[in-house]
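The points below take up the ligand site and then a pair of strands.

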Amino acid sequence: MKPEDAWLATLGQLQLQLHRSTYDTWLRDSKFLSYEDKTFTIRVRNGYTKDWLEQKLYRAIRHTMCSVFREQVEIKFVVQTRPQRELGDGSFDTAYDPDAQSGGWSAYRASEEARQYSSIYVNEPPPANDWNPQLNSAYTFENFVVGPSNQMAQAAAYAVSVNPGQVYNPLYIYGNSGLGKTHLLQAIGNACFQRGLKVLYATSEQFMNGLVEAIRGKTTSDFRDYYRGVDVLLIDDVQFMAGKDSTQEEFFHTFNALREQGKQVVIASDRRPQAIKGLDDRLRSRFEWGLQVEILTPSYETRLAILNDKSEMKGHALPHEIAHLIASYTYASIRDLEGTLTQILAYKTLMGNHLTIETTERILAEKRGDMAIPNALPRHDVMAIKRQISLNDVLQATARFYQLSLDDILSKRRTKDVSYIRQLAIYLAREETQASWPEIGDAFGGRNHSTMVHGYKKVAEEMETNLDMRREIEDLRKHIHQAAV
Ligand code: ADP
Ligand code: MG
């Protein structure tokens with residue numbers, strides 16, 4: 001197979017494997033450039049895409065590529081730097097672009113890309129004017145950690161930030177409190193503002209208060225110009241508009257005016273539009289026009305990545321065992337996870353950087369006692385959070401149930417009682433958590449895989465006939481669930 005055809009075939013397969021928005025955002029515009037020394041060189045649209053492909057999708061792409069090409073190959077992504085001649089009006093001469101000439105990319109797209117590239121990566125200051133977009137520059141795509149729980153939302157948000165008004169309009173992001181909705185809204189805003197677009201972020205309360213004030217001060221037409229004159233409007237926590245009729249009426253017209261001009265609207269909410277009681281039907285149907293994406297609670301791996309990222313940002317390196325310990329708890333939100341980390345890092349500084357597993361465990365246990373589940377969560381969500389049991393939950397609860405120390409359970413001691421209890425705990429670790437065998441082995445003091453599986457099977461078999469054992473396991477299981485909130 002010719003290398004060029006192999007790349008096209010790989011793209012075809014990836015299109016089937018990946019979510020559509022992921023494919024469209026990162027791979028659609030890629031181009032085969034050359035094949036040499038078992039390395040494919042692929043051109044991608046900008047530096048951000050290159051980073052993304054290398055960091056997040058490289059393995060998937062290479063795996064597909066090797067199976068299509070039937071050879072072990074490497075892939076190199078490049079951003080083709082082409083000579084750019086700036087024209088007097090700040091746009092770029094696009095005559096160099098072969099695609100533009102052959103009618104592929106429009107000259108507009110090319111100049112847009114050049115502009116975007118230059119402003120993001122050369123740090124060109126945004127155009128000076130008095131406009132205040134109400135953004136917090138701390139929230140960016142670069143510091144947003146992506147995992148299965150938020151991947152779709154992140155990809156959609158990124159796609160919107162690259163092509164505002166053209167891909168998903170409106171983009172509607174929903175999920176429980178503290179999972180990153182505002183972060184993504186702001187990241188879209190920051191990316192677009194950097195490129196000189198007129199961006200405005202407002203919570204629905206700010207929108208409502210502005211309206212009330214405008215009505216009182218007889219300045220409603222200024223209010224309308226303000227909200228309807230932007231390129232990108234980001235409205236946060238839209239659920240607060242429910243039941244507020246004149247606010248919804250006004251927002252409905254704002255929305256229509258922006259959409260008619262092809263401007264981008266992005267909305268965040270704690271639930272899907274269908275679940276907001278008191279939301280105007282007309283607004284609800286507008287929200288359904290675009291794309292709705294949900295953010296879920298992060299998995300263990302994502303929690304770990306977030307912890308490492310955030311502690312690094314704060315200038316601390318967390319030892320792996322400690323990061324693992326913190327991440328193995330379940331949290332109602334990333335905000336709680338961050339709060340816990342802040343507390344632990346503060347303690348670390350206080351203690352002159354000496355942070356032990358025991359201290360971390362104690363802080364976590366204390367923190368846990370008062371870590372309330374947000375009231376706003378519907379009942380079933382509380383249950384969902386409760387049901388996510390971690391290995392640490394199993395260990396802690398087992399120790400407490402039998403009044404043993406964690407060390408007793410993790411030790412290699414083989415007294416009859418302790419090893420029996422240990423086996424019950426291993427059985428429940430497998431049954432009640434999402435953990436893999438190696439993870440379970442690690443959590444139980446570095447025991448090997450086959451010992452774990454063997455112990456599990458023994459308990460499972462004995463339970464068939466041993467009623468006492470079954471009852472005991474049920475009690476322990478209940479205890480683990482009660483303890484894990
Ligand atoms: P929401 O608006 O959904 O209630 P936020 O966007 O305010 O949540 O997020 C809460 C905190 O968690 C913020 O400090 C945010 O930066 C952080 N956060 C959320 N998701 C991520 C993520 N994927 N990567 C890094 N930080 C995150
Ligand atoms: Mg928010």
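1. Which polar side-chain atom lies 2.8 Å from a nitrogen atom of ligand 1? In this predicted model, that atom belongs to Lys 310.

2. Two further side chains approach oxygen atoms of ligand 1. Thr 182 places a polar side-chain atom 2.7 Å from an oxygen atom of the ligand, and an N or O atom in the side chain of Glu 338 is 2.6 Å from an oxygen atom of ligand 1. On its own, ligand 1 exposes 560 Å², of which the protein buries 92%.

3. Helix H7 (181–194) and helix H14 (334–350) are the elements that contribute two or more residues to the shell around ligand 1. There are 17 residues around the ligand, and those that come nearest are Val 145, Gly 178, Thr 182, His 183 and Glu 338.

4. Ligand 1 lies between domain 3 (151–205 + 219–294) and domain 4 (300–382), because both give residues to the shell around it.

5. A separate matter is the pairing of two strands. Strand E2 (residues 39–43) runs parallel to E3, and five bridges join them. Thr 39 is found opposite Glu 74 in E3.

How values were computed. Residues numbered from 1 in each chain as written. Chains lettered and ligands numbered in written order. Predicted model: local features only at pLDDT ≥ 70, side-chain atom pairs only at ≥ 80, totals over all residues. Heavy atoms only, no water. Near = heavy atom within 4 Å. Polar contact = N/O pair within 3.5 Å; in protein donor to acceptor, adjacent residues only side chain to side chain. Areas by Shrake-Rupley, 256 points an atom, 1.4 Å probe, with all protein chains shown as cover. Helix = DSSP H or I, 4+ residues; strand = E, 2+ residues; numbered from the N terminus. Domains from an automatic or database assignment. Pairing = 2+ DSSP bridges.
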